[in-house]
Amino acid sequence: MEDGTGQEYFWGFTIIILRVPDIFSESLSAVSEFGYEYRLSKTVAPWDDTYEIVSQSDDKLISPISYGFTIGEENWKFELMPKGGWGKKVCNSAWRNS
């Protein structure tokens with residue numbers, strides 16, 4: 001910062017704490033409402049490739065698409081699939097009646 005004469009001076013330190021899962025909570029609720037299953041994971045530590053689940057929907061994910069991104073020094077992974085899976089299920093009873 002600068003004082004009234006234009007001389008720079010030290011003002012102090014600032015700390016910001018972001019509760020990242022809280023930031024995503026409304027978006028993740030919307031994902032479920034739009035008919036998708038999801039899982040949001042982050043690395044346990046910046047130097048580790050092991051992921052821990054931060055938030056997920058109820059059902060198991062089968063062949064989800066995955067998007068990786070970084071916030072600060074943590075790597076995150078968002079996985080997504082339609083509820084009920086990728087393929088369109090055909091009712092066999094319709095074929096039996098023909």
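Q: What should I know about the numbering and the model before we start?
A: Residues are numbered from 1 along each chain as its sequence is written, and side-chain values use heavy atoms, with hydrogens and water left out. The model is predicted, so local features need pLDDT of at least 70 and side-chain atom pairs count only at pLDDT 80 or more, while totals for chains, interfaces and linings use all residues.

Q: What makes the four strands an open sheet, and in which order do they sit?
A: Strands are DSSP runs (E, at least two residues), numbered from the N terminus, and two of them pair if DSSP finds at least two bridges between them. Here the order is S2-S1-S4-S3, with antiparallel pairing. The edges are S2 (51-56) and S3, and each of these pairs on one side only.

Q: How do you know that S3 and S4 pair?
A: The cut-off is at least two bridges, and S3 (residues 65-71) and S4 (residues 74-82) have seven, running antiparallel. Phe 69 faces Trp 76 of S4 across the pair. The two strands make a hairpin with two residues between them, and Gly 72 in that turn has a positive phi of about 65°.

Q: What about S1 and S4, how many bridges do they have?
A: Seven as well, again in the antiparallel sense. Tyr 36 stands opposite Pro 82 in S4.

Q: Why is Ser 41 called buried?
A: Buried means under 20% relative accessible area, exposed means over 50%, and partly exposed is in between (1.4 Å probe, protein chains only). Ser 41 is at 4%, so it counts as buried. This residue sits in S1 and touches residues including Tyr 51, Ile 53 and Trp 76, where contact means heavy atoms within 4.5 Å.

Q: Why is Ser 63 called exposed?
A: Its relative accessible area is 58%, so Ser 63 falls in the exposed class. Ser 63 lies in the loop between S2 and S3. It has a positive phi of about 50° although it is not a glycine. Most residues other than glycine have a negative phi.

Q: What makes Glu 79 and Arg 39 a salt bridge?
A: The rule asks for a side-chain nitrogen of Lys or Arg within 4 Å of a carboxyl oxygen of Asp or Glu. Glu 79 and Arg 39 have their closest N and O atoms 2.8 Å apart, and that makes the pair a salt bridge. Glu 79 is in S4 and Arg 39 in S1, so the pair ties together parts 40 residues apart in sequence.

Q: Which residues are linked in a network of salt bridges?
A: Lys 42, Glu 52 and Glu 74. Lys 42 meets Glu 52 at 3.1 Å, N to O, and Glu 74 at 3.2 Å. Lys 42 has a relative accessible area of 15%, so this lysine is buried. Glu 52 is at 35% and therefore partly exposed, and Glu 74, with 27%, is partly exposed too.

Q: How do you know that Glu 37 has no salt bridge?
A: Lys and Arg count as positive and Asp and Glu as negative, while His and the chain ends are not counted. The nearest side chain of opposite charge is Lys 83, 4.7 Å away from the buried Glu 37, and the limit is 4 Å. The side chain of Glu 37 does make a polar contact with the side chain of Ser 57, at 2.5 Å. A polar contact is a pair of N or O atoms within 3.5 Å; within protein, one must be able to donate a hydrogen and the other to accept it, and residues adjacent in sequence count only if both atoms are side-chain atoms.

Key: Lists of a residue's contacts leave out its neighbours within four places in sequence.
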